[in-house]
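This report describes the fold of one protein chain and then turns to selected residues. Please study the sequence and the structure shown here before reading on.

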Amino acid sequence: MHRISGLLLAALAIGAAGLAAADPVGRAATRGQEDYRFHCSVCHGPEGRGNGAFAVMLKAVPTDLTKLAAENGGSFPFERIYRVIDGRIDYPGHGGPEMPVWGNEFNDRAIEEERETARPVHRETYIAGRILGLTMYLLSIQE
């Protein structure tokens, strides 16, 4: 977990995903909430309870994301969730048509941003910032 936390601070310190240095954790969670609404809520629901509009069309019921800490002995599994989102952990129902690997999605977005702004974008840092933001948001909705 310390490695991921260090990565979060490093990514945010250099402005990953357009975040300002002031209150980087709060800004990461805010950006993560925006990404969640755009990418995740359709299956996991607006509040993360697994009841999104598309949930009925899936073979497996989406996870209630508000219970991740409770189901892990009260401790939010930060690194595991980060790796599920970026696609490094093979998790049933993830990485295929049921849930895209968001690391690939955010890489495409980094390329688009680079093209639109004509500024170089360090893709790994950009991707890490976006995934860390999503992970921070999920941490913030734990019950």
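The chain contains five helices and zero strands. Followed along the sequence, these elements give the pattern α-α-α-α-α. The model is a predicted one, and the values reported here are computed from it.

The chain has 143 residues, of which 42% count as buried. Its accessible surface amounts to about 8000 Å², and carbon and sulfur atoms contribute 55% of this area. Among the contacts in the chain with a separation of 6 or more, 51% are between residues 24 or more positions apart.

Is Arg130 buried or exposed? Arg130 has a relative accessible area of 4%, and it counts as buried because this value is under the limit of 20%. Arg130 lies in helix H5, which spans residues 123–140. The side chain of Arg130 takes part in the polar contacts listed below.

| Side chain of Arg130 with | Distance |
|---|---|
| side chain of Asp35 | 2.6 Å |
| side chain of Tyr126 | 2.5 Å |

Val56, by contrast, has a relative accessibility of 74%; it therefore counts as exposed, since the value is over 50%. Val56 is located in the loop between helix H2 (24–44) and helix H3 (78–86). Which residues form a nonpolar patch on the surface with Val56? The patch consists of Val42, Phe54, Val56 and Met57, and together these residues have about 420 Å² of accessible area.

Methods
Residues numbered from 1 in each chain as written. Predicted model: local features only at pLDDT ≥ 70, side-chain atom pairs only at ≥ 80, totals over all residues. Heavy atoms only, no water. Helix = DSSP H or I, 4+ residues; strand = E, 2+ residues; numbered from the N terminus. Buried < 20%, exposed > 50% of the residue type's maximum accessible area, 1.4 Å probe, protein only. Polar contact = N/O pair within 3.5 Å; in protein donor to acceptor, adjacent residues only side chain to side chain. Patch = residues over 30% accessible without salt bridge, like charges linked within 9 Å, V, L, I, M, F, W, Y side chains within 5 Å. Areas by Shrake-Rupley, 256 points an atom, 1.4 Å probe, with all protein chains shown as cover. Salt bridge = Lys/Arg side-chain N within 4 Å of Asp/Glu carboxyl O. Contact = heavy atoms within 4.5 Å.
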